[in-house]
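Reader: I have a structure open and I'm new to it. Can we go through it together?

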Amino acid sequence: MLLHDTAIVYGRYLRQSLRSRFALLFGVLMPLLYLVFFGPLLTGLPLGGRGSSWQVLVPGLLLQLGLFGALFAGFMIILENGQGVVERMRVTPVSRLALLLGRVLREATVFVFQAVLLVLAALAMGLRAPLAGILIGFAFVGLLTASLASLSYALAMRVRTPQEFGPLVNAIGMPSMLLSGLMLPMTLGPTWLDVLSHFMPFRYLVDAMRDAYAGAYTTDHMLYGVLVAVGFAILAVTVGTRVFRTAGA
């Protein structure tokens, strides 16, 4: 029944996304602007990592896409609460876990699709990466999106108003981007900043994706990235599920 209920919820929200093609394309606009206007500035610069400057920049932009997009996913719950959608779902026999998983899987699907568009644009601009590395990158984006969307939905169930939710998300997203080395490797900065960034879990995902894009699949960065991504996803879905059940969503 859980799989059946999850498929129903997933299909409902995926159809909503497909009807809003403009939103699908607009979501990838910011990373695409970074790719077009910031990427050429790095060409030929020694960035201290494996591979070319494109192999350093593109994985960071993919995770940036998932980071900011998934963090703001909770706005939908707030809108649905205001429109009475959540209240109507509350009286159905659908599993509370399915209500979360269906939404989360929709978010992951949308952002992986946007990641594919971004990679295709990067290939046209000069990115060269092995297919296996690119596919591994999509898996990381999917896991990160599922994790952050779960936490975003859980936070939105507690906060309830856009005026409170927006500043909280920004307060989480901006330090996460700056301390994860999404734009440039943290090893280029001072030692204290590099050390501080190791307390940010997204740092390990960035390093792992950059190794994958360079064709290095057996490094410590890859191992730590997989462990952090899977562990964070399990923790986030567990927290989200608990909040959905206690909040009666």
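Reader: Which residues line the largest cavity?
Author: Leu63, Leu67, Leu144, Ser176, Ser180, Leu182, Phe202 and Leu205 line it. A cavity here is a set of points on a 1 Å grid over the protein atoms alone where a 1.4 Å probe fits but cannot get out, and lining residues have an atom within 4 Å of a point. This is a predicted model, where local features need pLDDT of at least 70, side-chain atom pairs count only at pLDDT 80 or more, and totals for chains, interfaces and linings use all residues. Residues are numbered from 1 along each chain as its sequence is written, and side-chain values use heavy atoms, with hydrogens and water left out.

Reader: How much space lies in the largest cavity?
Author: About 40 Å³, a volume being the space filled by probe spheres set on the grid points, which are joined across faces, edges and corners.

Reader: Which helices supply at least two residues each of that lining?
Author: α5 (53-71), α10 (162-180) and α12 (202-213) do. Helices are DSSP runs (H or I, at least four residues), numbered from the N terminus.

Reader: Now the rings. How many aromatic pairs are there?
Author: The structure holds four; rings of Phe, Tyr and Trp (its six-membered ring) pair if their centres lie within 6.5 Å, with planes under 30 degrees apart counted as stacked, over 60 as edge-to-face and the rest as tilted. One of them is edge-to-face: the ring centres of Phe75 and Phe165 are 4.8 Å apart, and their planes are at 80°.

Reader: Where do Phe75 and Phe165 lie?
Author: Phe75 is in helix α6 (residues 75-83) and Phe165 in helix α10, so the pair ties together parts that are 90 residues apart in sequence.

Reader: Is Phe165 buried or exposed?
Author: Phe165 is buried, at a relative accessible area of 0%, while Phe75 is partly exposed at 26%. Buried means under 20% relative accessible area, exposed over 50%, and partly exposed in between (1.4 Å probe, protein chains only).

Reader: Switching to charges. Which residues are linked in a network of salt bridges?
Author: Asp194, Arg203 and Asp207. A salt bridge is a side-chain nitrogen of Lys or Arg within 4 Å of a carboxyl oxygen of Asp or Glu. From N to O, Asp194 and Arg203 are at 2.9 Å, and Arg203 and Asp207 at 2.8 Å.

Reader: How far apart in the chain are Arg203 and Asp207?
Author: Four residues, about one turn of helix α12, where both lie.

Key
1 Å grid on protein atoms, 1.4 Å probe; cavity = no way out; pocket = protein on both sides within 12 Å on 5 of 7 lines; lining within 4 Å.
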